[in-house]
Amino acid sequence: MSEERKRTGQRVVIVGAGMAGVQTAVALRERGFTGTVTVIGAEPHQPYDRPPLSKAVLLGKAEGSAFDIDFEALGIELRLGVEVTGVRPADHELDTAAGPVGYESLVLATGAEPIRLPGSDGVPGVHLLRTLDDAERLRPVLAAQHDVVVVGAGWIGAEFATAARDAGCAVTVVEASGRPLAGALPAEVAAPMAAWYAEAGADLRTHARVARVEPGAVFLDDGSRLPAGAVVVGIGARPATAWLAGSGIELGVHREVVTDDRLRTSAPDVYAVGDCASFPSGRYGERLLVHHWDNAVQGPRTVAAALVDEAPEAYDPVPYFWSEQFGRFVQYAGHHAAADELIWRGDPATPSWTVCWLRDGALVAVLAVGRPRDLAQSRKLIDAATPMDPALVTDPAVPLKKAVRV
């Protein structure tokens with residue numbers, strides 16, 4: 001397809017009105033694309049940002065978190081409250097509850113959906129926290145200061161527990177593994193975080209599994225009963241790709257859309273971006289599935305460049321995310337799975353400390369608690385695969401950018 005056709009005649013349809021979908025639409029316009037851009041979203045609300053849902057929106061400090069974007073001025077068509085049920089790549093056509101929608105190029109940006117607690121569907125008082133409607137349903141729970149049980153001590157569980165304690169609720173967090181963030185961080189790094197719960201007045205119960213949930217109570221497998229005016233489930237999320245069944249589009253081991261290093265899928269003229277897609281990382285030598293906000297911001301630039309024939313560079317960002325929990329600002333950059341050395345900067349019993357991971361002497365990942373300067377400097381060092389001096393890295397008084405090996 002010629003550049004002129006790409007810029008002026010093509011119809012791009014984006015499925016998903018979250019951060020990744022909206023940013024793809026905006027990036028297309030920023031790159032001079034003048035064809036038709038349509039964003040289809042399942043929710044009826046104006047597109048909004050998700051991080052504030054577990055903070056300001058949940059606590060009633062904000063009514064919503066709609067993007068400050070003039071879609072009409074940008075010539076971006078929004079079709080909201082429309083469920084997409086399938087795609088037929090050979091026909092270049094989507095199936096939706098409102099009828100078929102044709103496309104010349106398609107971008108999949110459906111994000112991820114929370115995993116439900118088995119046996120809890122239909123039980124009154126059981127909540128997820130993923131959408132604006134979820135946050136609005138939970139607001140009165142916090143306002144009434146109900147006893148709350150949080151299932152899962154991952155990122156979302158910790159953030160909700162923080163908000164619930166701020167609201168004055170009695171909070172019990174139930175975690176099946178032996179520590180918080182068991183799926184995200186090594187035991188020695190996550191272990192100090194367990195103390196944060198007690199400091200905030202939340203009861204963290206590890207090695208605890210939910211046997212059943214009844215209205216007003218959660219029963220654990222050891223027979224104990226926890227009073228629960230509300231139960232919030234935060235046990236993970238999976239790519240929202242069930243609607244792609246039968247499409248022929250390749251899915252990975254986590255049922256995510258498999259893309260190449262330009263975020264192209266196995267189907268012609270179909271791209272995927274954000275939480276629903278994995279990409280091959282040359283930097284880390286493995287395929288990455290990143291469920292975080294920054295990935296949903298960066299990926300759309302690659303997709304937009306490809307759609308206007310700008311031959312984008314391979315998509316291989318340094319993953320980044322942050323979390324605010326129990327009065328601490330936690331940031332992470334990189335990917336530590338292949339690291340062969342772990343270095344502490346500071347005492348984890350104090351409010352501020354950092355963990356650095358090296359591979360073959362080069363910095364590959366950093367976790368910073370209350371040390372934003374470490375994080376900011378580390379992103380550049382990781383991107384450049386900078387060799388580090390372990391003795392200098394260990395000293396929290398030495399800026400990371402000056403802890404390089406010479």
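Author: A patch joins like charges within 9 Å, or nonpolar side chains (Val, Leu, Ile, Met, Phe, Trp, Tyr) within 5 Å, among residues with over 30% relative accessible area and no salt bridge. This is a predicted model, in which local features need pLDDT of at least 70 and side-chain atom pairs pLDDT 80 or more, while totals for chains, interfaces and linings use all residues. Residues are numbered from 1 along each chain as its sequence is written, and side-chain values use heavy atoms, without hydrogens and water.

Reader: Which residues form a positive surface patch?
Author: Lys and Arg count as positive and Asp and Glu as negative, with His and the chain ends not counted, and a charge is placed at NZ of Lys, CZ of Arg, CG of Asp or CD of Glu. Accessible areas follow Shrake-Rupley with a 1.4 Å probe, and for residues only the protein chains shown count as cover. The positive surface patch is formed by Arg 373, Lys 380, Lys 401 and Lys 402.

Reader: What is the angle between the planes of Tyr 320 and Trp 322?
Author: Tyr 320 counts as buried, at 11% relative accessibility. The rings of Tyr 320 and Trp 322 form a stacked aromatic pair, 6.2 Å from centre to centre, and the angle between the planes is 25°.

Reader: Which residues form one aromatic cluster?
Author: A pair of aromatic rings is described by the distance of the centres and the angle of the planes. One aromatic cluster in this model is formed by Trp 155, Phe 321, Tyr 332 and Trp 357.

Reader: What is the phi of Arg 255?
Author: Arg 255 is found in the loop between strand E17 (237-239) and strand E18 (257-258), and this arginine is exposed, with a relative accessible area of 52%. Although Arg 255 is not a glycine, its phi is positive, at about 65°.

Reader: Where does Asp 269 lie?
Author: Asp 269 has a positive phi of about 65° although it is not a glycine. Asp 269 is partly exposed, with a relative accessible area of 34%. The place of Asp 269 is the loop between E18 and strand E19 (270-272).

Reader: With which residue does Arg 130 form a salt bridge?
Author: The count comes to 17 salt bridges (a side-chain nitrogen of Lys or Arg within 4 Å of a carboxyl oxygen of Asp or Glu). In one of them the closest N and O atoms are 3.3 Å apart, and the partner of Arg 130 is Asp 275.

Reader: How many residues apart are Arg 130 and Asp 275?
Author: Arg 130 is partly exposed, with a relative accessible area of 22%, whereas Asp 275 is buried, with 12%. The pair links distant parts of the chain, with Arg 130 in the loop between strand E9 (126-127) and helix H4 (132-143) and Asp 275 in the loop between E19 and strand E20 (277-281), and their separation is 145 residues.

Reader: How many residues apart in sequence are the parts tied together by Asp 383 and Arg 283?
Author: The side chains of Asp 383 and Arg 283 meet in a salt bridge of 3.1 Å, N to O. Asp 383 lies in helix H9 and Arg 283 in the loop between E20 and strand E21 (286-289), so the pair ties together parts whose separation in sequence is 100 residues.

Terms used:
Phe/Tyr/Trp six-rings, centres within 6.5 Å; stacked < 30°, edge-to-face > 60°. Buried < 20%, exposed > 50% of the residue type's maximum accessible area, 1.4 Å probe, protein only. Helix = DSSP H or I, 4+ residues; strand = E, 2+ residues; numbered from the N terminus.
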